[in-house]
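Subject: Structure handover

Hello,

Here is the structure I said I would pass on. My notes on it follow below.

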Amino acid sequence: MGNLTFDFTGHTAIVTGAARGIGLEIARRLRDAGGDVFLVDHDAEALSLAAKQIGAVGLAADVSDTAQVRDTVRAAVDATGRLDIVVNNAGLLRDGVIWKLTDEEWDQVLAVHLGGTFRFTRAAAGQFRAQRYGRVINVTSYSGLRGNVGQANYAAAKSGIIGFTKTAAKEMARFGVTVNAVSPNAETRMIASIPAEKRAELEAGIPLGRFAAPEEMAAAVCFLASEEAGYITGAVVPVDGGISV
């Protein structure tokens, strides 16, 4: 059992990419702390199961579609009367070395990771400004800081999220809104698919010697979403076991 407890009673949160993995654990932690939580994912079937599992609301949407993003934010505000927290976690992979990447693979990854982060933040900004309060937490990556072979599209998107986070933090601070990012290194479906020998090699490069559990990412996100973190903005928090040191 952890030491940190949060109370998000009376707070409304949207978490994208929330049908499974890190996004689901973030949503679960926010819901367990009393928040009204809306899960967003393009996989409607998995989303419905996840929402029922944690007692939240599932809203199927494509984060790269402006109209669907706008409608999702409006649905959350209409249902609860407010919006306090947006966690931009949605993502996908279309890996390949640069000379093999297609335009579609490049555009799709940028549209979901970076475009989705922009669209949800923009859609929430009006409500945040009216409330004079809000929390945005964006999920970036070690690849966005250092690059990674075969992931030019992903690294570019995650690097862009860092620049977007810092700019949004400066623009929205006067409205009582903080904008931060986390850079995770957690156990995901992608990590689970790595052969044992390669996985051991990757873990050897992590000072703490292991990949994090998704729950450990959720704890960091919940802190940044809390009122206690109200004087932290524009930060990129490495929740990565020391790999970025």
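Phe118 is partly exposed, with a relative accessible area of 34%; partly exposed lies between buried (under 20%) and exposed (over 50%), with a 1.4 Å probe and protein chains only.

Before the rest, two remarks on the basis. The model is predicted, so local features need pLDDT of at least 70 and side-chain atom pairs count only at pLDDT 80 or more, while totals for chains, interfaces and linings use all residues. Residues are numbered from 1 along each chain as its sequence is written, and side-chain values use heavy atoms, with hydrogens and water left out.

Aromatic pairs

Rings of Phe, Tyr and Trp (its six-membered ring) pair if their centres lie within 6.5 Å; planes under 30 degrees apart count as stacked, over 60 as edge-to-face and the rest as tilted. That rule gives two aromatic pairs. Phe6 and Phe8 are stacked, at 6.0 Å centre to centre and 20° between the planes. Phe6 counts as buried because its relative accessibility is 16%, and Phe8 is buried at 3%. The pair of Phe118 and Phe164 is edge-to-face because the planes stand at 85°, with the centres 6.3 Å apart. Phe118 lies in helix H4 (residues 103-131) and Phe164 in helix H6 (residues 152-172), so this pair links distant parts of the chain, 46 residues apart. Helices (H or I, at least four residues) and strands (E, at least two) are DSSP runs, numbered from the N terminus.

The sheet

Seven strands make an open, parallel sheet in the order S3-S2-S1-S4-S5-S6-S7; two strands pair if DSSP finds at least two bridges between them. Strand S3 (57-60) and strand S7 (236-239) are the edge strands, each pairing on one side only. Between strand S2 (residues 36-41) and S3 there are four bridges, in the parallel sense. Asp41 stands opposite Ala60 in S3.

Nonpolar cores

A nonpolar core is a set of buried Ala, Val, Leu, Ile, Met, Phe, Trp, Tyr and Cys residues joined through side-chain atoms within 4.5 Å. The largest has 34 residues, and those touching the most other members are Phe8, Val15, Ile26, Leu30, Leu39, Ile85 and Ile137. Elements that give two or more residues to this core include strand S1 (12-16), helix H1 (21-32) and helix H2 (44-54). H9 provides the largest share, seven residues. A second, separate core has 26 residues, among them Leu59, Ala61, Val77 and Ala125.

Regards
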